[in-house]
Each structure stands twice: as C-alpha cells, then as structure tokens.
Amino acid sequence: MEIVIVPSPEDGGRIAADIVCGAIENGARTLGLATGSSPLHTYRELIKRHRESGVSFAAMSAYLLDEYVGLTPDQPQSYAHTIRTELVDHLDIDNARVFSPDGGAADPSEAARRYDAAIAENGPIDVQILGIGLNGHIGFNEPSSSLASRTRVKTLTERTRADNARFFADPADVPHHVITQGLGTISDARHLVLIADGARKAPAVRAAVEGPVSAFCPASVLQLHPHVTVIVDEAAAGELQLADFYRYTAEHKPAAQGY
Ligand code: F6R
C-alpha cells in the first residue's frame, strides 16, 4: 500500500488523474467510479486533461460502485445521474458503456447478482476510484460487511443516510437500501485508489490503513490487496501514526517507480 500525503485535495486530484491517465496509456480499458465529494477534484482534473491535452476515454468502459434502491438514472439523486453530470457528459466516453447497478429493478437482489456477473465477465476493473465514509465504508459496505462480499443489497446506517442527506430535498428522502459492489468485488480490481480529505475523515483513514483488518472498518480490506494507493490531504492524514514515514518513502521513491 502506498500512502501519499498531499498539501491539498486539488493536488490529490492531480495524482489520482495521473494514475488514471497513466493506466489508459498502458492499455487500461475499464474504470471503476465512486460518487460523492471525494473524487470530484479527480474528475475535474480528468475533464481538464481531456479538454486541454486530448486524453481520450473513447475506448473505456466504466462501472459505478453503488446505487440507491428505488432510484432510476433519470432521477437527479441517483448515482447514475450524478456521475453523468459530474464526469461522463464532459468526456468522450460512451454513456452506453457506463454501467451502474439497477436501482429501479423489481428484484434488487437479482439486479445485484447480474451486476456482479457483468463485472466478472467484462473486468477486471483496471483502476477503481474509492472514497471512504466516516465509519470506514467503501462503496456502501457498512461496518460488519464481509470482507469477501459480492455485489448485493445493503442497509445504510443512519449516519450514512445523514451524511448523504445534503443531496436530497428532505433528509427523509434518503433511501434506506442500496445495491453496492461487495468488498470482494472491489478487491478484484487491479489497482485501488482511495481518496480522502478533511479532518472528519482522519479516524476512518487511520483505521483503514493502520488498524486491524476487520469487517468493523470495511476499508481495512485494502490492506489485503496487492496494489493500493491512498491519497490523503494533511487533514485526513492527521491521525496517521506513521505519517512521517509515508512522507519519507514518497520523497525517496525510486525514480522509475510509478504509483
Ligand atoms: C459512493 C461511495 C461511498 C463514498 C463515501 C464518501 O459511490 O462509494 O463510499 O465514497 O461515502 O463520500 P464523500 O466522498 O461524499 O465523503
């Protein structure tokens, strides 16, 4: 696991964009996308590089991590809609190859199984972008999620519902259920890139990176993956015991070694 401490979230976005663009140059064809605030600087940077430097996403497919049960892609709060307006509409990626769990399905559990099977068939995902919840969730794998879980229906904690209420007119409108890639599904990706900023995320980042591997902190599953980059600003790194060591390794990184 490489932990990169950056001065600002904008710097983090540039590094994550370097990773995505470098992977595309090396033949990556499948991206994994998170929604929420954490990846927004990365997405803005990717849009900028597409516009100004001609980076093309035309050959790419993308899979979202999760979707609210009961919301369809035409509803603005759905993650399918959000990713379109924040990223997909501004790139040359074909929207028909941007996939998300079917939140409007009559049988969400069956939709979850289909989604997992589609990722297994068309994957592996080359670069998976991740945010982290205040309780250590990735995707919507809340504490107690099996570290081997596959895509399935999960119940959100009240804390996560409250954290996400900012996107809804009324906090009561935040769905209770989601379809989320499981921790095992996420772990199938080749390169996991977790982005976090702000002091509120510091305890979750510390638990994920330096705590025990445990379903209590679902993001701790990253410790079992062979290729992980964690990009945190100074505030989100604020509780890391080995922060100086992570800075030292970044400064003394062999020149040829990428992320
Ligand atoms: C959303 C997702 C979630 C978020 C997490 C952090 O697709 O996967 O795990 O990444 O809830 O959300 P923000 O970035 O809004 O703080």
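Helices (H or I, at least four residues) and strands (E, at least two) are DSSP runs, numbered from the N terminus. The model is predicted: local features need pLDDT of at least 70, side-chain atom pairs count only at pLDDT 80 or more, and totals for chains, interfaces and linings use all residues. Residues are numbered from 1 along each chain as its sequence is written, and side-chain values use heavy atoms, with hydrogens and water left out.

**Stop 1**

Two strands pair if DSSP finds at least two bridges between them. Colour the strands in the order 1-10-9-6-2-3-5. Strand 1 and strand 5 (98-99) are the edges, and each pairs on one side only.

Select strand 1, residues 2-6. Strand 1 runs parallel to strand 10 (residues 228-233), and five bridges join the two. Pick V4, then look across to I231 in strand 10, which stands opposite.

Buried means under 20% relative accessible area, exposed over 50%, and partly exposed in between (1.4 Å probe, protein chains only). How many of the five residues of strand 1 are buried? Five of the five are, so strand 1 is largely enclosed by the rest of the structure. Show the side chains. In a regular strand, side chains alternate between the two faces of the sheet. Here E2, V4 and V6 point one way from strand 1, while I3 and I5 point the other.

Strand 3 (residues 61-64) runs parallel to strand 5, joined by two bridges. Select Y63; its bridge partner in strand 5 is F99.

**Stop 2**

Zoom in on strand 7 and strand 8 (residues 177-180). Four bridges pair them in the antiparallel sense. V153 stands opposite I179 in strand 8.

**Stop 1: Q181**

Move on to the loop between strand 8 and helix 6 (183-187), and select Q181. Is Q181 buried or exposed? Its relative accessible area is 1%, so Q181 is buried. Contact means heavy atoms within 4.5 Å. Beyond its neighbours within four places in sequence, Q181 is in contact with residues including Y63, Y115, I119, Q128, N141 and R152.

**Stop 2: H137**

Go to the loop between strand 6 (127-130) and strand 7, where H137 lies. H137 counts as buried, because its relative accessibility is 10%. Which side chain does H137 join through a polar contact? The partner is E142, at 2.8 Å. A polar contact is a pair of N or O atoms within 3.5 Å; within protein, one must be able to donate a hydrogen and the other to accept it, and residues adjacent in sequence count only if both atoms are side-chain atoms. Not counting residues up to four places away in sequence, H137 touches G131, I132, E142, T160 and P218.

**Stop 3: pocket and cavity**

On a 1 Å grid over the protein atoms alone, a cavity is a set of points where a 1.4 Å probe fits but cannot get out, and a pocket is an open set with protein on both sides within 12 Å along at least five of seven lines; lining residues have an atom within 4 Å of a point. Grid points are joined across faces, edges and corners, and a volume is the space filled by probe spheres set on the points.

The largest pocket holds about 510 Å³ of space. Of its 27 lining residues, G36, S37, S38, I132 and K201 are the closest to its centre. Helix 2 (40-53) and helix 5 (158-164) are the elements that give two or more residues to this lining. Helix 2 has the largest share, three residues.

The whole structure has two cavities of 30 Å³ or more. Select its lining, which includes L31, L46, F57, L87 and V98.

**Last stop: P212**

Find P212 in the loop between helix 7 (202-210) and strand 10. P212 is exposed, with a relative accessible area of 65%. Not counting residues up to four places away in sequence, P212 touches A207, S220 and Q223. Draw a C-alpha to C-alpha distance from P212 to L87: the two are 35 Å apart in space and 125 residues apart in sequence.
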